[in-house]
Amino acid sequence: MSDTASQVLVGSGLTVLSQPLMYVKVLVQVGYEPLPPTLGRNIFGRQVYQLPGLFAYAKHIMKIDGRAGLFKGLTPRLCSGAIGSVVHSKVLQKCQEDDQAEELRRSSKESSLEKVIKETSQEMVARSAATLVTHPFHVITLRCMVQFIGRETKYSGVFSSFVTIYREEGILGFFAGLIPRLLGDILSLWLCNMLAYLINTYALENGVSTMTEMKSYSQAVTGFFASMLTYPFVLVSNLMAINSCGLAGGLLPYAPEYSSWLDCWSRLHSEGNMSRGNSLFFRKVPAGKRYVWEEKRFH
């Protein structure tokens, strides 16, 4: 119980610190660009037109809403993190207890690969359960942030937001964008853990013996490969969570009405926007598009 409490406290602290970054990232993912491109230099020193980075974007938000404006959507996000940590801990503990009982009845010793697959499966179940339970809070968080675009106040509190979503969209509204989010999490988990197993088994002297050891080797790999390969799932999930919810950021001209998350994926792919919002530094101007000042976006 103490471990879970400490995880919640640490997670809440990190959530507060990262809130401005996520806020800017979500607005960029939607395609909202309140500031025009400026002439700057890329990482190679060449002069190019660039879009405002994290700090310039955050400064623009503070100019309009003050410093507190950078923390819109923080309350439901904190709820999501706290509840998710508890659910993840309880489900993982239950899976491990069931596995220990099964090991007592098992006669043969499992191989290192079987151990990795088993522990990754347990982690997948725990993460998926936490995501499923907390997704309504994630949807509310995103919608609170996107209200900046149209200056709406439709989603102003956690409880009132639950009422609004249920009244307008029913139960399914709480789970908008859930499928691509789950798929991205699962793909990222298996990719990183299996890659770490291959590295530890064939590139290092000793094989993987515990999940803790594996995580120590796969930490760097997870950050790079997961963000690069599964980012489109994150983008599509977030866009589906706000699509056609009555907010300006989820309607034309920023987004058409998507029939499904696959339709959203297809349109983003055809427009070359699958990595939109992935980087908040050295942001280059989209090729072949012009900035529309009145709409604060590229077309």
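1. I begin with Leu21, which is partly exposed at a relative accessible area of 40%, where buried means under 20% relative accessible area, exposed over 50% and partly exposed in between, with a 1.4 Å probe and protein chains only. Leu21 lies in helix α1, residues 2-30; helices (H or I, at least four residues) and strands (E, at least two) are DSSP runs, numbered from the N terminus. Leaving aside its neighbours within four places in sequence, Leu21 is in contact with Leu54 and Leu280, contact being defined as heavy atoms within 4.5 Å. The C-alpha atoms of Leu21 and Ala58, which are 37 residues apart along the chain, are separated by 8.2 Å.

2. On provenance, this is a predicted model, in which local features need pLDDT of at least 70 and side-chain atom pairs count only at pLDDT 80 or more, while totals for chains, interfaces and linings use all residues. Residues are numbered from 1 along each chain as its sequence is written, and side-chain values use heavy atoms, with hydrogens and water left out.

3. As to the overall architecture, the chain has 8 helices and 5 strands, and these follow the pattern α-β-β-α-α-α-α-α-α-α-β-β-β along the sequence. Of the 299 residues of the chain, 42% count as buried. Among contacts in the chain with a separation of 6 or more, 74% are between residues 24 or more positions apart.

4. The accessible surface of the chain comes to about 16200 Å², and 62% of it belongs to carbon and sulfur atoms; accessible areas come from the Shrake-Rupley method with a 1.4 Å probe, and for residues only the protein chains shown count as cover. Phe224, Phe225, Met228 and Leu229 form a nonpolar patch on the surface, with about 370 Å² of accessible area together. Patches are made of residues with over 30% relative accessible area and no salt bridge, like charges being joined within 9 Å and nonpolar side chains (Val, Leu, Ile, Met, Phe, Trp, Tyr) within 5 Å; a salt bridge is a side-chain nitrogen of Lys or Arg within 4 Å of a carboxyl oxygen of Asp or Glu. Phe224 itself is placed in helix α7, residues 211-242.

5. How do α4 and α5 lie relative to each other? The axes of helix α4 (residues 112-150) and helix α5 (residues 158-169) come within 10 Å and cross at roughly 100°, and the two are therefore roughly perpendicular, a label that covers 65 to 115 degrees. The contact involves Pro136, Phe137, Val139, Ile140 and Arg143 of α4, together with Val158, Ser161, Phe162, Ile165 and Glu169 of α5. The axes are lines fitted to C-alpha atoms, for helices over the stretch in contact, and angles run from 0 to 180 degrees between N-to-C directions.

6. Thr164 also lies in helix α5 and, at 8% relative accessibility, counts as buried. Apart from neighbours within four places in sequence, Thr164 is in contact with Lys154 and Tyr155.

7. Arg151, in the loop between α4 and α5, has a positive phi of about 60° although it is not a glycine, and is partly exposed at 44%. Ser244, in the loop between α7 and α8, likewise has a positive phi, of about 55°, and is partly exposed at 33%. The peptide bond from Leu252 to Pro253 is cis, with omega near 10°, and Pro253 lies in the loop between α7 and α8 (261-271).

Notes
Parallel < 35°, antiparallel > 145°, perpendicular 65-115°, else oblique.
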